[in-house]
Amino acid sequence: MKRYRKLIKKGVMESITKIPFHNYAPIKRLSMLNEKLVPNSNTHIAIHFVNPRRKKKSDYSFLHKHNADEINLIISENGNLKYEIQLDDEIYKVSSSSTVFIPKGVKHRAKFISGKGIFVCIILSGKYSTSK
């Protein structure tokens, strides 16, 4: 018997609209790790494949906070993926490849600006809550 087989999981495609404080966006979201996939994993990881086909970009993330720390990775091969990141009342332009650490309780949002690449969201808790 393979003891650790249950720890190897395929990612699950999910709509971004299932996430609190998020609207539709031309982004494919792959949930890689959470309590549903691996009970007691104590970590949430989602990958957003950013490859917009439309010129007009919609705001898909609204200001919110979590009761756990979050890490965002903004990644592309050529450095052209750009986001506007808001942390409380401060706004930053962030381009790939970059890491954004968001301490628990800090209100935040991510707004796509341009480019193509991958946005990774890691929340350092399997059971976390989201609020305004």
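How many bridges join E2 to E3, and in which sense do these strands run? The strands E2 and E3 run antiparallel and are joined by 6 bridges. The structure is a predicted model, in which local features need pLDDT of at least 70, side-chain atom pairs count only at pLDDT 80 or more, and totals for chains, interfaces and linings use all residues. Residues are numbered from 1 along each chain as its sequence is written, and side-chain values use heavy atoms, with hydrogens and water left out.

The protein chain has a mean pLDDT of 90 (pLDDT is the predictor's confidence in each residue, from 0 to 100). A value of 70 or more is reached by 96% of its residues. Among the elements of the chain, strand E8 (residues 98–102) has the highest mean pLDDT, 98. Strand E11 (residues 130–131) has the lowest, 86.

The secondary structure comprises 11 strands and 0 helices. Both kinds of element are DSSP runs numbered from the N terminus: helices are H or I with at least four residues, strands are E with at least two. Along its principal axes, the C-alpha trace spans about 50 × 30 × 25 Å.

Strand pairing was examined next. Two strands pair if DSSP finds at least two bridges between them. Strand E1 (residues 12–14) and strand E2 (residues 27–33) run antiparallel, joined by 3 bridges. Met 13 has Leu 30 in E2 as its bridge partner. Arg 29 stands opposite His 48 in E3.

An open sheet is formed by 3 strands in the order E7-E6-E9, with antiparallel pairing. Its edge strands are E7 (90–95) and E9, each of which pairs on one side only. Neighbouring strands of this sheet are turned by 20° against each other on average, direction ignored. Here axes are lines fitted to C-alpha atoms, for helices over the stretch in contact, and angles run from 0 to 180 degrees between N-to-C directions. Strand E6 (residues 82–87) pairs with E9 over 6 bridges in the antiparallel sense. Lys 82 stands opposite Ser 114 in E9.

A cavity is a set of points where a 1.4 Å probe fits but cannot get out; a pocket is an open set with protein on both sides within 12 Å along at least five of seven lines. Lining residues have an atom within 4 Å of a point. Points are joined across faces, edges and corners, and a volume is the space filled by probe spheres set on them.

The whole structure holds 2 cavities of 30 Å³ or more. The largest cavity has a volume of about 200 Å³. It is lined by 22 residues, of which His 22, His 48, His 64, Glu 70 and Cys 121 are the closest to its centre. At least two lining residues come from each of E3 (44–50), E5 (70–75), E9 (108–114) and E10 (117–123). The lining divides into 10 nonpolar, 9 polar and 3 charged residues. Ala, Val, Leu, Ile, Met, Phe, Trp, Tyr, Cys and Pro count as nonpolar, Asp, Glu, Lys and Arg as charged, and the others, Gly among them, as polar.

The largest pocket has a volume of about 320 Å³.

Methods
1 Å grid on protein atoms, 1.4 Å probe; cavity = no way out; pocket = protein on both sides within 12 Å on 5 of 7 lines; lining within 4 Å.
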